[in-house]
Amino acid sequence: MDSRTKIETLLRVLHPEWGADERVDWTAVEAHLSTPLPADYRDFMAVYGGGCIDDLIVLPPLVSGNDWQASSTSHTVGFRELWTMDGGVPGVKLGADRVLPWGSGCNANELGWQMTRPNRDQWPVIVWRRHEDPHLALFD
């Protein structure tokens, strides 16, 4: 299933009530991050924008100027500190510079990508789980 089909499926159950007016300048994002982001995230941002879905905050890539200062870039330092503090995902030898956050939970669980594959659409998701041991888990 491609990312567009996934968004069409999501639209059946989650109305894009407030995100339709948000537009991401992907050229600015790629210049700031030095990498393009996964297609499913870009498609999601095009329909929903950043914000809360129940207890999950989907971070926009850059601070958006809409008085909401959360973004992937503003959460990067903290997410990478968690990676370093916990020694990364067990069995994965990877520096903190290869992880990037894309979401945060009100329950202090954090979500990001492991930026290790040449195809960004195949980046595994990393979850930092506050009440689990080990804290970090990888979902491929």
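Biologist: Does Asp-140 count as buried or exposed, and at what relative accessibility?

Modeller: This is a predicted model in which local features need pLDDT of at least 70 and side-chain atom pairs count only at pLDDT 80 or more, while totals for chains, interfaces and linings use all residues. Residues are numbered from 1 along each chain as its sequence is written, and side-chain values use heavy atoms, with hydrogens and water left out. Buried means under 20% relative accessible area, exposed over 50%, and partly exposed in between (1.4 Å probe, protein chains only). Asp-140 therefore counts as exposed, at 72%.

Biologist: With which residue does Asp-140 form a salt bridge?

Modeller: A salt bridge is a side-chain nitrogen of Lys or Arg within 4 Å of a carboxyl oxygen of Asp or Glu. The closest N and O atoms of this pair are 2.6 Å apart, and the partner of Asp-140 is Arg-117.

Biologist: Where do the two residues of this pair lie, and how many residues apart?

Modeller: Helices (H or I, at least four residues) and strands (E, at least two) are DSSP runs, numbered from the N terminus. Asp-140 is in the segment after β6 and Arg-117 in the loop between β4 and β5, so distant parts of the chain are linked, and Arg-117 is partly exposed at 29%.

Biologist: Which residue forms a salt bridge with Glu-30?

Modeller: The whole structure has two salt bridges. Glu-30 lies in helix α2 and its partner in helix α3, so the pair ties together parts 12 residues apart in sequence. Glu-30 is partly exposed at 29%. With the closest N and O atoms 2.8 Å apart, the partner is Arg-42.

Biologist: In which order do the six strands form the open sheet?

Modeller: Two strands pair if DSSP finds at least two bridges between them. The edge strands, each pairing on one side only, are β1 and β6. β4 and β5 pair over four bridges. The pairing in the sheet is antiparallel and the order is β1-β2-β3-β4-β5-β6.

Biologist: At about what angle to β3 does helix α4 run?

Modeller: Axes are lines fitted to C-alpha atoms, for helices over the stretch in contact (heavy atoms within 4.5 Å). Angles run from 0 to 180 degrees between N-to-C directions. Helix α4 (residues 72-86) lies across β3, β4, β5 and β6, and its angle to β3 is about 100°.

Biologist: Which residues does the cis peptide bond join?

Modeller: Most residues other than glycine have a negative phi, and most peptide bonds are trans. Here omega is about 5° at the cis bond, and Pro-134 is found in the loop between β5 (125-128) and β6 (136-139). The residues joined are Asp-133 and Pro-134.

Biologist: What is the phi of Ser-34?

Modeller: Ser-34 is in the loop between α2 and α3 and counts as exposed at 67%. Ser-34 is not a glycine, yet its phi is positive, at about 65°.
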